[in-house]
Amino acid sequence: MPILEREPPKGRRESYVLPKVPVPPLKQTLDMYLSCMKHLVKEEQYQKTKAIVVKFGEPGGTGELLQKKLLERSDKTYNWVYDYWLEDMYLNQRLALPVNSNPAMVFPKQNFKDRKDSLRFAAHLITGVLEYKERIDTRVLPVDFARGQLAGTPLCMKQYYRLFNTYRLPGHKRDTLVIHKPGSTEQEHIIVACKNQFFVLDLVVNKKKLKEMDILTQLEKIVKMAENSEERQPPFGLLTSDGRTEWAQAREVLIKDSVNRESLAVIEKCLCVLCLDNPSGMEVGDTSRALLMLHGGGHEKMGANRWYDKPMQFIVGEDGVCGTVCEHSPFEGIVLVACTEYLMKFMTGSPSKMGRATSVSELPTPARLLWKTTPHIQDLLKASAERLQRLVRDLDMDVHKFEVYGKEFIKKQKMSPDAYIQVALQLAFYRCNGRLVSTYESASIRRFHEGRVDNIRSATSEALAFVKAMTDEKDSEKMKQLWDAINAQTNYTITAITGLGIDNHLLGLREIAQELKMERPEIFTDETYVASNQFILSTSQVPTTVEMFCCYGPVVPNGYGCCYNPQSDHLLFSVTSFHGSTETCSAVFIKALDEGLVEMRDLCRKSNKPQSIN
Ligand code: COA
């Protein structure tokens with residue numbers, strides 16, 4: 001039976017106790033909120049907001065009441081913000097998962113000799129997945145410790161326990177994150193997608209775990225079965241690429257039939273999905289590989305060869321395009337990196353164990369999942385295909401390797417590389433749009449029990465002063481402003497990773513007011529609050545130690561998604577936006593970023609020269 005996880009994991013527990021996420025002091029959050037927004041809205045609007053915020057925070061006011069309730073909630077729960085955050089960030093969101101929500105990890109391009117070679121890779125990958133899953137189930141994964149700012153503290157490991165045993169079930173108003181018991185016997189299969197068909201690959205047959213050779217044999221059978229056009233089923237995976245409400249409605253139609261019900265039940269319990277892709281026909285570069293991971297190229301390419309609700313979905317393309325696309329609600333990119341890096345090291349470090357074939361002939365043929373269609377369901381499939389196509393056409397993606405320098409140069413300036421990159425992103429945005437906007441940078445709060453993320457609001461007033469100075473000030477002034485911007489960004493980072501960010505706190509106050517059935521306090525209906533949550537720039541650092549990169553889409557129609565991977569001697573950026581917006585263009589943003597990073601380096605170099613030479 002699926003369970004909704006509330007308890008700490010049973011079995012071997014980590015030998016440390018993590019603190020609870022704190023509830024920040026009310027006044028601190030309200031002051032920070034005002035200073036974050038002052039320079040991002042018009043003066044008149046700011047004055048209006050200030051009056052609303054002061055009233056909210058006055059002694060005996062609504063803010064104090066809600067804060068008291070939040071503190072009570074914190075006493076009673078492991079993590080006062082977890083459920084609020086999960087629903088607000090993911091489960092309540094109605095947009096389609098591909099591009100809008102699911103991040104992707106792009107593996108190094110493989111050079112397969114032929115289809116069989118790609119299947120060997122896939123069988124080895126799944127063997128690695130099973131080995132990793134075993135480590136999760138037996139709780140032998142080493143505990144992560146924080147690196148970078150405030151390094152050394154242990155981090156919460158719970159996200160790892162949701163990598164393979166979760167499923168995002170669509171709902172009419174809100175989705176549900178279903179969590180199966182770790183190691184459940186119901187979860188001894190994976191789903192293999194091939195030519196838009198779905199097959200069940202049982203990993204345990206006659207109580208024996210399949211060996212890598214057996215997995216390969218089963219994959220070969222699947223590929224053959226998928227080619228049989230007489231038995232071909234409609235591309236039901238498309239429905240999962242649709243808006244969440246549309247998919248929930250379609251699912252309700254589907255489950256009226258027992259055949260569909262059974263197929264859905266098998267998919268919803270699988271460990272992961274393995275998508276065996278045909279060659280896409282696209283020129284294979286970083287950007288096209290990223291696109292294929294994010295949306296599969298639409299229904300005419302690989303977009304229907306997916307099941308987007310499943311958190312772990314591995315893609316192995318015959319043309320060597322490989323990676324994962326993930327449903328984001330159970331875990332963050334950092335945990336995904338740890339898992340996929342393990343797999344990449346497994347793939348390159350451990351030879352494929354194809355030597356001895358065991359009882360291959362006894363293995364039952366993998367079952368093809370069957371679907372019952374009606375003209376109505378055909379229409380739903382068509383509508384989903386069209387909407388996915390629109391998303392595919394709209395996504396403007398650019399993956400860029402900035403090779404002039406990397407994080408080692410920034411460290412030598414005694415600056416935080418992350419803060420420096422964030423300031424560079426602000427500079428690029430300002431140069432493209434002549435203003436700064438609400439910016440999201442994910443800050444991990446895994447230092448706390450069940451901690452996920454809070455937001456670093458990188459569009460600081462110091463960043464604004466710096467980007468303005470870069471246009472019309474002397475070098476000495478520019479350098480001072482750069483330092484101020486870096487320091488402000490670094491301080492905000494420390495505030496957020498120590499659980500004192502404002503976004504989670506404001507969300508908590510808003511949600512607890514709703515629970516108390518209060519009229520929504522004005523602070524949360526105010527124009528400034530609405531603007532503060534429109535993340536036109538949505539950014540995230542996802543560093544890797546092996547050659548791969550992460551990418552995701554923008555979170556608003558006129559916004560940018562920017563995922564970056566700082567390396568010693570280069571910085572990798574995956575920038576996304578929508579063609580439909582006249583305010584954005586990924587290539588233009590990248591160009592401004594590139595130029596700004598060079599100018600910032602030159603500024604640092606000039607400013608660090610001894611005075612006599614200057
Ligand atoms: N001088 C010299 N070196 C410095 C420095 C300074 N002033 N400040 C930092 N550094 C060093 C750090 O020691 C660190 O060294 P390391 O590479 O040897 O570990 C390195 O520079 C990186 O530090 P920094 O750039 O400050 O960033 P960080 O690693 O602390 O990361 C966040 C900051 C916000 C990205 C991080 O705390 C975080 O939350 N990451 C998770 C993001 C996330 O969840 N992403 C996925 C979302 S789906």
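The model is predicted, so to speak of local features a pLDDT of at least 70 is needed, and side-chain atom pairs count only at pLDDT 80 or more, while totals for chains, interfaces and linings use all residues. Residues are numbered from 1 along each chain as its sequence is written, and side-chain values use heavy atoms, with hydrogens and water left out.

**First selection: helix α9**

Select residues 286-295, which form helix α9; helices here are DSSP runs of H or I with at least four residues, strands are runs of E with at least two, and both are numbered from the N terminus. Eight of the ten residues of α9 are buried, where buried means under 20% relative accessible area, exposed over 50% and partly exposed in between, with a 1.4 Å probe and protein chains only. The buried residues are Ser288, Arg289, Ala290, Leu291, Leu292, Met293, Leu294 and His295. Now show what covers them, which includes strands β2 (104-106), β10 (313-317), β11 (322-325), β13 (395-402) and β17 (549-551) together with helix α11 (375-394). Just after α9, Gly296 takes a positive phi of about 70°.

**Next: His328**

From β11, move to the loop between that strand and α10 (333-349), where His328 is found. The UniProt annotation "active site", from an unreviewed entry, covers His328; such annotations may be inferred rather than shown by experiment. His328 is buried, with a relative accessible area of 15%. Leaving aside residues up to four places away in sequence, His328 touches Tyr90, Ser101, Asn102, Pro103, Gly333 and Arg452, a contact being heavy atoms within 4.5 Å.

**Then: helices α13 and α14**

Select 417-433 for α13 and 461-472 for α14, which pack at an angle of about 60° with their axes 9 Å apart; the axes are lines fitted to C-alpha atoms over the stretch in contact, and angles run from 0 to 180 degrees between N-to-C directions. That makes α13 oblique to α14, since angles under 35 degrees count as roughly parallel, over 145 as roughly antiparallel, 65 to 115 as roughly perpendicular and the rest as oblique. On the α13 side, display Val423, Gln426, Leu427, Tyr430 and Arg431, which meet Ala463, Leu464, Phe466, Val467, Lys468, Met470 and Thr471 in α14.

**Last stop: Met89**

Finish in helix α4 (residues 82-91), the place of Met89, which at 28% relative accessibility counts as partly exposed.
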